Amino acid sequence: MDKLKLHTPDFTQENIARLAELFPNCITEAKADDGTIKRAIDFDQLRQELCDHVVDGPRERYHLNWPGKREALLAANAPIAKTLRPCREESVDFDTTKNLFIEGDNLDALKLLQETYLNKVRLIFIDPPYNTGREFIYDDDFSETSAEFLLRSNQVDDAGNRMTVNTDANGRFHSDWLTMMYSRLRLARNLLRDDGSIVIAIDDHEVATLRQMGNEVFGEENFIGCIIWQKVYSPKNSARHFSVDHDYLLVFAKRSDAWAPRLLPRSAEADARYENIDNDPRGPWKPSDLTARNYYSKGLYEVKSPSGKSFTSGVGRYWRQSYEKFLEMERDNCIWWGPNGDATPSQKRFLTDVQQGIVPQTIWSYKDVGHTQEAKKELLKYVEFKENENVLNSVKPIRLIQKVLQIGTSPQSNDIVVDFFSGSASTAHAVLKQNADDGGNRRFIAVQIDEPLPKPEPELASIFQMGTMRIRNVIREMQKESEGSLIVGGSSQSLGFRVLKVDTSNMKDVYYAPDGVKQGDLLDQIENIKEDRTQEDLLVQVLLDWGVDLSLPIAEEKIDGKSVFFVDQNALAACFETGVTEELVKKLAVRKPLRAVFRDAGFGSDAVKINVEQIFKLVSPGTEVKAI
């Protein structure tokens with residue numbers, strides 16, 4: 001039942017609506033005095049519509065602009081005092097896996113990944129919110145939690161129930177979505193290798209603005225193409241105007257001159273077009289046209305078939321080869337005159353001369369890459385739902401993402417694939433499946449905000465948990481088929497994933513703002529690390545600060561009764577215990593790690609703390625030593 005408005009009409013908005021009917025190009029979005037975004041009139045454009053001469057106004061230039069763009073740039077550049085905390089209990093094969101699941105706002109996650117994965121990612125595939133009038137929860141206020149932001153901005157009531165959605169009626173239809181995407185795409189670009197690419201799934205609502213934004217972030221010269229994916233296999237008879245049967249995949253490269261698509265595997269259907277009807281010893285071939293429309297001065301001549309019939313190139317067309325080259329090809333049995341020797345000549349194209357792959361095309365049929373119903377069935381196979389409302393409608397089929405992987409990554413190159421709108425973890429699933437199909441060793445980084453499901457489930461509380469459950473069940477299925485591991489080139493590939501969660505820094509506030517501590521609190525600030533943080537929490541923050549790969553294997557050893565972590569054998573040695581002695585330091589120095597880190601307040605005495613650097617300089621001068 002609709003509720004009463006309980007307020008007088010807003011005549012301003014009614015007048016704007018009437019003008020929108022007459023001059024839709026004069027309707028824009030603007031920021032009000034209180035900071036909110038609302039529908040407005042572009043008066044300069046309206047004056048031009050009502051005049052028969054050019055009206056003076058702002059200097060014209062070609063650009064994409066919207067309320068909130070500068071705030072989005074600020075959000076992308078602003079630092080955050082956050083970290084990633086490991087979660088062993090939700091991980092699979094934590095110590096050795098190469099795959100990462102990150103729970104948290106993807107803006108925070110992208111910032112935290114900047115140093116570690118700068119210029120290292122081969123492919124980014126994202127399926128962001130389509131902005132169809134439904135809500136998206138990325139608020140981009142990194143100084144408070146999502147729940148705090150929603151309550152402060154009156155988007156939820158005291159009970160936590162949502163009060164608003166991102167609809168065109170509230171005047172924020174495009175601006176909020178563009179602001180949300182802009183900051184994330186800017187950060188994502190930094191992660192890509194020079195030969196890397198990003199593929200973004202989108203529909204008609206924002207494909208035009210996303211294309212413009214992508215041109216600005218990645219450069220118009222780095223736009224690769226727009227792929228049309230046929231997402232349904234039958235028309236929707238309930239459609240008001242057209243049955244929308246497709247979505248888009250926009251493809252941008254980091255550098256188009258360094259990026260090239262990998263050829264897709266040739267299909268049996270493609271090879272079947274080649275036959276060997278004349279038993280040519282060079283194998284199967286197919287006829288190819290010898291003429292072209294482009295002018296060629298040596299391409300005007302007459303030829304005779306074995307039966308004596310004469311042929312010219314035809315009106316408005318020219319032979320591709322000179323007459324001398326044509327005769328040479330005929331002597332080499334590369335000209336086909338038909339079974340009776342009296343047909344228009346064509347060139348024999350041999351299968352052995354064709355590149356062993358197919359150039360990707362921009363129209364993808366559901367028969368080749370799947371459709372939305374297939375995607376839902378795949379999700380339901382690995383995640384059991386009690387409530388129908390929890391089944392995502394925007395999930396993508398695995399075959400679709402596998403094709404993206406085939407084009408944008410190499411099987412045996414340890415390529416990193418990132419999806420920072422992970423959702424139900426379709427991209428992670430596709431990476432594992434593609435590796436199984438071609439023996440590859442790609443690895444994924446999946447990021448998903450801790451968004452609750454529409455309705456409670458017995459074993460699931462959020463979309464993030466839905467994704468990890470799906471991949472956990474996919475891994476079980478693959479392990480069952482391969483007896484515990486996938487065999488890749490004679491070695492086994494881990495099928496696990498390491499769960500990391502975005503959280504506040506492990507360091508107390510005094511570490512970042514010492515002038516904010518009162519004199520009476522000094523005794524509480526002797527220890528600069530928060531009490532609830534574990535040694536593994538500290539280790540992950542050290543990896544982030546040092547820019548060390550978060551997926552490197554981790555081993556824990558006991559040395560003189562103290563826990564010491566070794567990352568990738570000797571890439572990093574870390575001891576966060578208290579009471580560290582010189583004997584322990586010497587034993588670590590003998591191992592000659594590339595990096596060594598200790599807790600600042602963890603040394604047994606001031607003398608030990610002073611001597612640490614001297615010990616490493618004497619025993620292992622190549623080791624970089626730090627303390628937290």
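These are my notebook entries on a few spots I looked up in this predicted model.

**Ground rules.** I number residues from 1 along each chain as its sequence is written, and side-chain values use heavy atoms, without hydrogens or water. Local features need pLDDT of at least 70, side-chain atom pairs count only at pLDDT 80 or more, and totals for chains, interfaces and linings use all residues.

I started with strand 24 (residues 572-575) and strand 25 (residues 595-598), which pair in the parallel sense over three bridges. The chain gets from strand 24 to strand 25 through helix 17, in a right-handed β-α-β crossover. Right-handed means that, with the strands pointing away from the viewer, the path from the first strand over the helix to the second runs clockwise. Helices (H or I, at least four residues) and strands (E, at least two) are DSSP runs, numbered from the N terminus; pairing takes at least two DSSP bridges. In this pair, I found Cys 575 opposite Phe 598.

Next I followed strand 25 to strand 26 (residues 624-627): they run parallel, joined by four bridges. Here Arg 595 stands opposite Glu 624. With helix 18 (residues 606-619), these two strands make a right-handed β-α-β unit.

Is Lys 231 buried or exposed? I have it as buried, because its relative accessibility is 15% (buried is under 20% relative accessible area, exposed over 50%, partly exposed in between; 1.4 Å probe, protein chains only). Lys 231 sits in the loop between strand 7 (223-230) and strand 8 (246-253). Beyond its neighbours within four places in sequence, its contacts (heavy atoms within 4.5 Å) include Asp 245, His 371 and Thr 372.
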